[in-house]
Amino acid sequence: MAGGILKKINYVLKDLLTDKRENFRIFIFSVALSFVGLFFFCNMGYVKKHIRLLERLSNTVFITVENEDYTYSDIEKLTREYGTLHFVGHTGVMCDENVCEAYVYDKFLADTISYSFKKGKAIESDNQVIISKSLGKLYDIGDTVKVSGYDMAGTPIEKKKTVCGILDMDAVYYPTGKGNLIYDMLIVDLDDELYLADAIITTDNAFYGGDDNMGIFTLEPNDKYESDVLESLFENIGDVSDGNDVIGVNEEHLIYEKNQKKVFVIAGLIVGLSVFLGSIYISVIRRRRELGVLLLEGAGYTEALMLIKINGLLSAVLGSVVGETVSIILMKKGILDGYISLYYSLAVLLIIVLLYMGSTLIVGACWKREHIIDLIERDI
Amino acid sequence: MIIELKGVKKEYSDGKNKKITPLNNVNFRVNKGDFIAITGPSGIGKSTLLNIIGCIDKITSGQYFLNSINTDDYTEREKSHVRNKYFGYVLQNNGLIPYRNVYDNVSVPLMFDKKIRKCEYKEKIEKALEDVNMADYMHRNVNELSGGEKQRISIARAIVNDPEVILADEPTGALDVDNKDIIVEQLCKLNERGKTVIIVTHDLDIAGRVGVQYVFNHAGQLLQADV
Ligand SMILES: Nc1ncnc2c1ncn2[C@@H]1O[C@H](COP(=O)(O)OP(=O)(O)OP(=O)(O)O)[C@@H](O)[C@H]1O
Ligand SMILES: [Mg+2]
């Protein structure tokens, strides 16, 4: 039995090499169809845009926006994918005596959120900073904090600032593998504008977000920053976001916009499809005589049909793999747009196989009723 | 291998209600080692008979026994097996696969013979090609060969897995006189070695060189010719 299969594999493979022209034709058109097909799938009518995720937690996403090209709807797409969006770094803030208003994205919505002062007042000079309620447990009005981070242009800043106000807002806490970390917010003066920005306090080096985390400011502990106070603080906030694990740091993320090139891709797909089907048709039709010979010499119908079309199928699958690989490489290198997914690749491969099988089955079914001798001696 | 047809009838309905009956109550027996020629006018049913014998066609009524087994009982699979094991076919237009080489063409019957292993191919193919004096052609392309050469390759394919019966339908129909002689000689040689050979031919000269001749009459019956 195994020997029988070996003999048939041998027969099929030999043909793959001897009947180069037909198989090569199928191969080439399969490459083209898979290339265009995968490109179509990977775009599905959309082109990509990059957004960098600073931190992704299991419950919350912290993102930082690299440039201002992004619209609110872009951000919304991201929140739709990941659930809650916590904050976008460097958000403009307006403060008056009693309240600071920040334009933030929170839970699917871009919204203005008001924070009232718990203590102190608004910033009056650029060496001042407003901190949150939780940070207020560590710092008081008049304390000096060392703030390091990046400004809007991305240049690093490191300044000593005096706390002038404490807002009535909470921090998010989560443990990481390297230590505990509190995500908080503070209001800083950057280029004469006030911004609400993310701030972190860490024990050890729990934050490992890289060195160009715009929108993140690190606060250096001052003298009052006793370890037991810090501990209690971590414990306090710890309950709020229990089980909130870091699942991604500094991720490149893609969002999609409508693709104007869609029409061309579909046109390419239709052309590719018809030539592919045409080449299959030719390759099967010209094997009519071979089918007859195989039947005459002792093959069953299904077996004979398999034998005459499996090398075409192999060529098609091989072509599909090559076409998809080229497509993926171009997308990875950024030469082509597209969201790469294993499912799309498998779908394209499956479609190629089904197209091949389907079209050959139709021809095969038509021939089943024919007389063996007619298959051999009479051409169509 | 004993071939025995009893009251065999073959009917085709041609489009409308008209019926064509190429075989009508045919009684026919072929013993092992016979060399039989079937002649008769065109369209009378010679090929039909040969195809029925070769398990390519079904009969409408009557019985066809192969070694006393009624072929009616065979499944499609068993028929395929019988075609492979017991019959070698030589067709009018050689029936070779044009884009495969001689070796691959001759190897086709071996592929479906479960008892033959891949490593035996070369020996068997060599032997079959030697029998038809084509040993040097093993790796040639089929479409480069002449009609006579192709027909000899076709005989090599028919005998490669050593079937008991050779069925040849107009094997010389497309050949010139010289090639015709070569083919007939080879069929005679095969018969001398004990193979049953049944040949359909228009050529009374060929028919004359054969042991038993059968002729179809217009009633669709097969009659033994007086030699
Ligand atoms: N598949 C078929 N459907 C309908 N009629 C058929 C079919 N095959 C053969 N016939 C008819 O059966 C009759 C016998 O055909 P067959 O091919 O056996 O003739 P033949 O004796 O071999 O003729 P030739 O010498 O020309 O080859 C013919 O009239 C033919 O038209
Ligand atoms: Mg005929």
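Modeller: Chain B and chain A bury about 2,600 Å² between them, with carbon and sulfur atoms making up 57% of it. Buried area here is the accessible area (1.4 Å probe) that two parts lose on being put together, summed over both. On chain B's part, B:Tyr99, B:Arg100 and B:Met111 supply 28% of the area buried against chain A, more than any other three residues. Bear in mind that this is a predicted model: local features need pLDDT of at least 70, side-chain atom pairs count only at pLDDT 80 or more, and totals for chains, interfaces and linings use all residues. Residues are numbered from 1 along each chain as its sequence is written, chains are lettered from A and ligands numbered from 1 in the order in which they are written, and side-chain values use heavy atoms, leaving out hydrogens and water.

Colleague: How many residues of each chain are in contact?

Modeller: 30 from chain B and 26 from chain A, where contact means heavy atoms within 4.5 Å.

Colleague: What makes A:Lys14 and B:Asp104 a salt bridge?

Modeller: The rule asks for a side-chain nitrogen of Lys or Arg within 4 Å of a carboxyl oxygen of Asp or Glu. For A:Lys14 and B:Asp104 the closest N and O atoms are 3.0 Å apart, so the pair qualifies. The count between chain B and chain A is three salt bridges.

Colleague: Which helices of chain B supply at least two residues each to the side that touches chain A?

Modeller: Helix H2 (76-86) and helix H3 (102-111); helices are DSSP runs (H or I, at least four residues), numbered from the N terminus. H3(B) gives the most, with six residues.

Colleague: Why is B:Ser80 called buried?

Modeller: Buried means under 20% relative accessible area (1.4 Å probe, protein chains only), with exposed over 50% and partly exposed in between. B:Ser80 has 7% relative accessibility, so B:Ser80 counts as buried. B:Ser80 is found in helix H2 of chain B and, leaving aside its neighbours within four places in sequence, is in contact with A:Gly298, A:Ala299 and A:Gly300.

Colleague: And ligand 1: what makes B:Thr48 a polar contact of the ligand?

Modeller: A polar contact is a pair of N or O atoms within 3.5 Å; within protein, one must be able to donate a hydrogen and the other to accept it, and residues adjacent in sequence count only if both atoms are side-chain atoms. An oxygen atom of ligand 1 is 2.5 Å from an N or O atom in the side chain of B:Thr48, so the pair passes. B:His202 passes too, because one of its polar side-chain atoms lies 3.3 Å from an oxygen atom of ligand 1.
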